[in-house]
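Please keep the sequence and the model in view while reading.

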Amino acid sequence: MANANTPKGLVPIQNSPGVEIQKNYYYIPASYATALFKGDPVIKTGTANSAAVIFGKEYAPGSLPEINKATAGTTNLITGVIVDFVFNPDNLNRTYNPASTECIAVVADHPDQLFEIQEETAGTALAITDVGLNANVVYAESGSTVTGLSGVELDTTTPATTQGFQLRLRKIVDRPDNALGQHCKWVVKINQHSEGLNTAGI
C-alpha cells in the first residue's frame, strides 16, 4: 500500500521512553513578513526582544531570542523546530502565525532531538542504503492555514555523506502505515545545528 501524502514538517519524537522533549521560547517580531507553522525549522537571527513582551505573562527584554524560518540548503544552520505558539490573548484560536504578526514560538531545540519528516513528492524515493547519509530540507509544499502544520519535507534528490547537509537519516519510522517509497516517513537528527558543539556564533 502506498504511503499517505501527509506532510507535517519536522515532528519531534521521544528519543527515549519517559524523557521529555526539551523546548524553549523564542520571539517572532511583527516586522518578520513570513508566516510560520508548527513543524517549521527555524534559526536564531542574532538578536532578541528589545522590549518587554506580555503574552499571558511578561517576558523581560532580551529573554526571547529572535527567530526566522531556516533556509533550506547545504550549510544553512537550524536552531530547532516550532512545536507550538504562545499567542496574544486576543488570538487564542489561531493555528499558525501569520506573516507580520508578533508571537512567541515554542521550539524543540536540543541538538540531540530526533524528528519525523516525510520525503518530498518530487524526485526518486530514498532507499535502504541511504540510512546514515545526510540530506537537506525542502519547502516543496506550503504550510496549512487550517491545521497550522508545516509543509517542509525531506529533500530526496542528493542524499550523501556531505557534512554540510542539514539532516542525518537515522532510519524509517517503524509503523504499519509506513514503508520505503514515495512519501516515506523518516527519523532524522539535525546535522547542521546552531546549538551543537564547535559551531560559530550567529
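Which backbone nitrogen does the side chain of Asp 130 reach? The side chain of Asp 130 reaches the backbone nitrogen of Ala 127, at 2.8 Å. The model is a predicted one, in which local features need pLDDT of at least 70 and side-chain atom pairs count only at pLDDT 80 or more, while totals for chains, interfaces and linings use all residues. Residues are numbered from 1 along each chain as its sequence is written, and side-chain values use heavy atoms, with hydrogens and water left out.

Asp 130 is found in the loop between β9 and β10 (134-135), where strands are DSSP runs of E with at least two residues, numbered from the N terminus. Asp 130 is buried yet has no salt bridge, and the nearest side chain of opposite charge, that of Arg 168, is 12 Å away. Here buried means under 20% relative accessible area, exposed over 50%, and partly exposed in between, with a 1.4 Å probe and protein chains only; Lys and Arg count as positive and Asp and Glu as negative, while His and the chain ends are not counted. Not counting residues up to four places away in sequence, Asp 130 touches Pro 159 and Leu 169, contact being heavy atoms within 4.5 Å.

A salt bridge is a side-chain nitrogen of Lys or Arg within 4 Å of a carboxyl oxygen of Asp or Glu, and by this rule the count comes to five. The table includes three of them.

| Salt bridge | Closest N and O atoms |
|---|---|
| Asp 84 and Lys 38 | 3.7 Å |
| Lys 44 and Glu 195 | 3.3 Å |
| Glu 116 and Arg 175 | 3.1 Å |

Asp 84 lies in strand β7 (residues 80-86) and Lys 38 in the loop between β2 (23-28) and β3 (41-48), so that the pair links distant parts of the chain, 46 residues apart. Asp 84 is partly exposed at a relative accessible area of 33%, and Lys 38 is partly exposed at 25%.

Lys 44 in strand β3 and Glu 195 in the segment after β14 (185-190) also form a pair that links distant parts of the chain, 151 residues apart. Lys 44 is partly exposed, at 25%, as is Glu 195, at 32%.

Glu 116 lies in strand β9 (residues 114-118) and Arg 175 in the loop between β13 (167-172) and β14, so this pair ties together parts that are 59 residues apart in sequence. Salt bridges that share partners join Glu 116, Arg 175 and Asp 177 into one network. Within it, Glu 116 is buried, with a relative accessible area of 17%, whereas Arg 175 counts as partly exposed at 31%.

Note on methods: Helices (H or I, at least four residues) and strands (E, at least two) are DSSP runs, numbered from the N terminus. A polar contact is a pair of N or O atoms within 3.5 Å; within protein, one must be able to donate a hydrogen and the other to accept it, and residues adjacent in sequence count only if both atoms are side-chain atoms.
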